[in-house]
Amino acid sequence: MIKFLDVGKINKRPEIKKKIDEVVESGYYILGKECELFEKNFATYCGTRYAVGVANGLDALRLIIKAYGFSNNDEIIVPANTYIASILAISQNGCKPVLVEPDISTYNINPDLIEENITSKTKAIMVVHLYGRAVQMERIYETARKYNLKIIEDSAQAHGAFYNNKRVGNLGDASGFSFYPGKNLGCLGDGGCITTNDGFLADRLRAIRNYGSLVKYHNKYQGVNSRLDELQAGILNVKLKYLDSDNEARRKIAKLYRTEIKNPLLVLPEVEDELSHVWHLFTVRTANRDGFQKYLQENGIETVIHYPVPPHKQPCYGEFGNMHFPLTEEIHRTIISLPISQVMSLDDAGRVIEVCNAYKG
Ligand SMILES: *Cc1c(COP(=O)(O)O)cnc(C)c1O
């Protein structure tokens with residue numbers, strides 16, 4: 001069986017075990033030198049002035065919105081086809097997610113549809129670099145400037161991707177990252193981070209993630225408990241060094257898939273600028289998606305659907321129940337993710353290509 005993703009294999013590094021021992025023996029587990037070092041390393045990597053470690057990706061996004069003080073039905077624009085966490089981060093702050101259709105050739109928000117969704121309540125645009133592909137920012141910058149909106153990036157799937165020589169995480173006012181084990185940079189549990197060039201925001205976030213306190217037992221804000229622990233930060237310090245080469249390995253497989261899968265029944269992802277995509281997921285669309293998934297399974301290839309149900313059709317979002325987003329619905333009906341990772345062998349990729357090309361529908 002060709003696994004969709006083998007995180008056990010990805011984390012099989014003696015260096016990680018050594019780091020875990022080191023942290024255990026240090027006797028210091030929360031907000032210590034590993035977290036501080038990771039924040040420095042990750043900010044440098046992204047090209048931002050600041051990085052603030054938090055407990056997970058959802059919190060990263062949620063705390064950005066909280067730190068800006070958006071609430072009370074303030075509106076935030078967000079792509080309708082994103083993973084639900086982007087939208088939860090908005091609604092859990094008492095804000096209104098304003099869903100906008102994607103561009104079906106990029107799967108990212110359609111910049112031409114943003115302006116018509118702006119009202120006097122709009123405070124921010126949340127862009128999501130979905131599947132690992134950096135959003136084309138130019139039109140979004142224009143719109144944000146025109147209406148004085150913040151740009152929040154959901155970079156949970158795109159660690160290391162570039163847009164015009166700048167990395168994801170450094171493309172807006174603040175960016176949320178997740179280090180969930182399956183992400184391109186993943187830890188061995190939950191972890192997250194916020195990057196920004198805004199020193200005032202970074203200070204606020206440092207307080208908010210730690211009970212609203214910068215000085216122990218003195219609480220400036222009604223904060224939360226959302227910290228990146230020393231074990232996870234230590235592991236991330238080890239793994240960050242390999243992120244660029246890991247992404248290169250993914251690009252190699254994506255390139256093989258894109259040049260060698262030739263089957264009119266499958267719509268492959270397109271990309272002009274190789275560096276703009278880090279291939280967190282390699283998705284294809286096909287009319288009989290469930291049949292295709294079963295066919296791959298029978299041929300020893302594991303796949304995953306990202307995602308089977310769009311957020312506006314989820315039971316938790318009854319208020320969106322009678323809205324229609326035809327492109328989003330089409331994507332969710334037809335999309336499927338093929339195996340890809342930095343530890344996948346080229347032989348296995350070759351086998352996936354062969355089986356895809358033999359698919360008759
Ligand atoms: C994974 C993910 C998140 C949330 O990250 P967690 O660490 O699981 O909370 C947010 N947005 C997107 C697009 C994601 O893929």
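**Close-up views of the predicted model**

**View 1. Helix H4 against the sheet.** In this predicted model, helix H4 (residues 57-68) lies across S1, strand S2 (75-79), strand S4 (122-128), strand S5 (150-154), S8 and S9, and runs at about 160° to S8. Helices (H or I, at least four residues) and strands (E, at least two) are DSSP runs, numbered from the N terminus; axes are lines fitted to C-alpha atoms, for helices over the stretch in contact, and angles run from 0 to 180 degrees between N-to-C directions. Contact means heavy atoms within 4.5 Å. Residues are numbered from 1 along each chain as its sequence is written, and side-chain values use heavy atoms, with hydrogens and water left out. As this is a predicted model, local features need pLDDT of at least 70 and side-chain atom pairs count only at pLDDT 80 or more, whereas totals for chains, interfaces and linings use all residues.

**View 2. The open sheet.** Seven strands, in the order S1-S9-S8-S5-S4-S2-S3, form an open sheet with mixed pairing (two strands pair if DSSP finds at least two bridges between them). Strand S1 (50-54) and strand S3 (96-100) stand at the edges with a single partner strand each, so one side of each is left without a neighbour in the sheet. On average, neighbouring strands of this sheet are turned by 25° against each other, direction ignored. Strand S8 (residues 174-178) and strand S9 (residues 192-196) run antiparallel and are joined by five bridges. Ser175 stands opposite Thr195 in S9.

**View 3. Helices H9 and H12.** The axes of helix H9 (residues 243-260) and helix H12 (residues 346-357) come within 10 Å and cross at roughly 25°. H9 is therefore roughly parallel to H12 (angles under 35 degrees count as roughly parallel, over 145 as roughly antiparallel, 65 to 115 as roughly perpendicular and the rest as oblique). H9 contributes Lys252, Ile253, Leu256, Tyr257 and Glu260 to the contact, and H12 contributes Leu346, Ala349, Val352, Ile353 and Asn357.

**View 4. The surroundings of Gly300.** Gly300 is placed in the loop between helix H10 (289-298) and helix H11 (326-334). Leaving aside neighbours within four places in sequence, Gly300 is in contact with Met1 and Ile2. The C-alpha atoms of Gly300 and Arg351 are separated by 9.5 Å, although these residues are 51 residues apart along the chain.

**View 5. The two domains.** The domain assignment gives domain 1 (7-100 + 108-238) and domain 2 (243-358), with bounds from an automatic or database domain assignment. The contact takes 28 residues from domain 1 and 30 residues from domain 2.
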